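Colleague: Can you walk me through this one? I have the sequence and the model open.
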Amino acid sequence: MAGAAGVTGAAALAGAGVTGTAAAATRATTAPGASVAVLGGGVAGLTAAHELAERGFRVTVYERRALGGKARSMDVPDSAKGGRRPLPAEHGFRFIPGIYHNLPDTMRRIPFPGNPNGVWDNLVAPSAMAFSRTGREDLTIPLPWPGHQPPDLTLDDIRRALTALLDTALGIPLPETAYFVNRTLVFLTSCDERRDRTWEATPWWEFIRAEEMSYDYQRILAVGLTRNIVATKAEEASTRTVATLLEAFVFNALGRGADGPLDRILDAPTNEAWIDPWVTHLTSLGVDFKVGWTVREVKYASGRVSAVLVENPQGERESVTADHYVSAMPVEHARRTWGPALRAADPQLARCDRLRTDWMTGIQFYLTERAPLLHGHLNCVDPWSLTAIQQAAHWPGLDFPADYGDGVAVDCLSVDVSEWDRPGTLYGKTAKQCTRAEVAKEVWAQLKAALNDTGKVVLKDSALHSWFLDPGVDGLGTPYPTNDDELLIHPVGTFHNRPRAATSIPNFFLAGDYVSVDIDLATMEGANASARAAVNALLERTGSTAPRCTVTPLFRAPELEPLRRHDRTRYRLGLRNALDLG
């Protein structure tokens, strides 16, 4: 796989970004570029391949299982009848909020028939979200999208908006609402030094004083935010991580600095709406895909990565070589491939052993009649922190019973299970202690308890057609359950252990949702941004004049910058934030 050391000339690619059309025209008039082995075919790996191929590199992607990684959808085995496609399943439903900018940019550059903006046009916006609690009326929050750029905001505008949302939508006691709003304003006006040091070392539970507050405050603002959005535990989650995302969502809801509505999902199963068109496009750009090839070791010699030991689909091991290597696997898989010599060459690789992962896994329920649920996401905070969405209503171009399965199932209720170590209500066991069938029965029982508790029957046992639990989960009900698709979590201190995309090894780069980028959260956006950073680092190392990938940070309101500068002075003097009431 060794190739020429040079990369494509940049004269024809001037500008901040490169479109597929421009890249194709450039490749026709330039010599072949250097070779790059991309290790992993999830969002990070496909993004790296996309950016590299547009710049004339010869790219081979090695993926052990299926392209798309955790983002992919999959078929339910043996579910197709009468010429229909199999029932669609997934690791968990895709959520692409308006705070994302880098991933939507990539989606716009993936052609899709009939869409002027490519795959990006397949995004649709649910109109509401709800918190459903057992024995309590559901709290539904509309998600309007103003569709325009509002005027500059003052701190008082933000305070009033947050107070109105929490007071009217969530019903949390007014003193507690006021306190939470104050804590939010403290973070919004905190300088980067205070965020990176003080708030990174402070658990979210402690920062918002959840221990002293009401049950609703704890379950919604502490547990609900951390388990359903950040996928970690409130008692240990870094305030920096949780509040950074909250800051972005607040401004997204206010129409500031957003790519689109607060909540967006795809209008079809993920592979149909996004992954398959992406792979087709990358193949047209010359990317070679090796699916079923498992990376076993990244070999290091003479100050460089010399080869990668892979296992091919026949179970045979062989070494593959390239000019450059981008490790784009999830951290729990990537760090197993880094031997002592490679780790010694760059200490940040060893620090990745301190990064922690946890379970957040999807289960789908197929229904013979559509449930009267809201048009959007449903959060059931007790006890397994379930997040669900009924999908067919968001797939307007599809006729679910005509297109999928046996013609009897009319919808898919897709559920993410965020809490796997807390006893359930049906069996009194944690999800990990349950068998697969018990997990399905427990989740279904929790959904019914949350939705059928105020006199209205929302979910009926008679309407349950079948269920499908992510096959990456194995060994449930045994002493040694495993999950092949864990998610990076963010306890205090995680920020300082996340590696950079550029390593000290000159031809080795990192991409993945664990790599340090502005969003500071294990997300598809983080995976995409890290891949762009890895490609930029590769371009710098090779002295290429090709245009760099645009990496867009999370939005920060410029109106608050003077307050953050003021806080920087206070921080350096050892003083707390001016708004911090303790």
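Modeller: One definition to start with: Ala, Val, Leu, Ile, Met, Phe, Trp, Tyr, Cys and Pro count as nonpolar, Asp, Glu, Lys and Arg as charged, and the others, Gly among them, as polar. Also, this is a predicted model.

Colleague: Fine. By class, what is in the lining of the second largest pocket?

Modeller: Eight charged residues, five nonpolar and one polar. The pocket holds about 230 Å³ of space.

Colleague: Which residues lie nearest its centre?

Modeller: Of the 14 lining residues, Arg195, Arg240, Thr244, Asp518 and Arg556 lie nearest the centre.

Colleague: And which helix supplies the largest share of the lining?

Modeller: H9, with four residues. Helix H6 (192–199) and helix H9 (239–253) each give at least two.

Colleague: How do the axes of H5 and H9 cross?

Modeller: At roughly 95°, coming within 10 Å. Angles of 65 to 115 degrees count as roughly perpendicular, so H5 is roughly perpendicular to H9. On the H5 side the contact uses Phe180, Thr184, Phe187 and Leu188; H9 brings residues including Arg240 and Thr244. By class, the contact has six nonpolar, three polar and two charged residues.

Colleague: New topic. What is the strand order in the open sheet of five strands?

Modeller: S9-S2-S1-S13-S23, with parallel pairing. Strands S9 (288–291) and S23 (508–510) are the edges, each pairing on one side only. From one strand to the next, the twist averages 20°.

Colleague: How many bridges join S1 to S2?

Modeller: Five. Val36 stands opposite Val59 in S2.

Colleague: Which helix packs on the sheet?

Modeller: Helix H16 (residues 524–542), which touches S1, S13 and S23. The direction of H16 makes about 160° with that of S23.

Conventions:
Residues are numbered from 1 along each chain as its sequence is written. This is a predicted model: local features need pLDDT of at least 70, side-chain atom pairs count only at pLDDT 80 or more; totals for chains, interfaces and linings use all residues. Side-chain values use heavy atoms; hydrogens and water are left out. On a 1 Å grid over the protein atoms alone, a cavity is a set of points where a 1.4 Å probe fits but cannot get out, and a pocket is an open set with protein on both sides within 12 Å along at least five of seven lines; lining residues have an atom within 4 Å of a point. Grid points are joined across faces, edges and corners, and a volume is the space filled by probe spheres set on the points. Axes are lines fitted to C-alpha atoms, for helices over the stretch in contact, and angles run from 0 to 180 degrees between N-to-C directions. Angles under 35 degrees count as roughly parallel, over 145 as roughly antiparallel, 65 to 115 as roughly perpendicular and the rest as oblique. Contact means heavy atoms within 4.5 Å. Two strands pair if DSSP finds at least two bridges between them.
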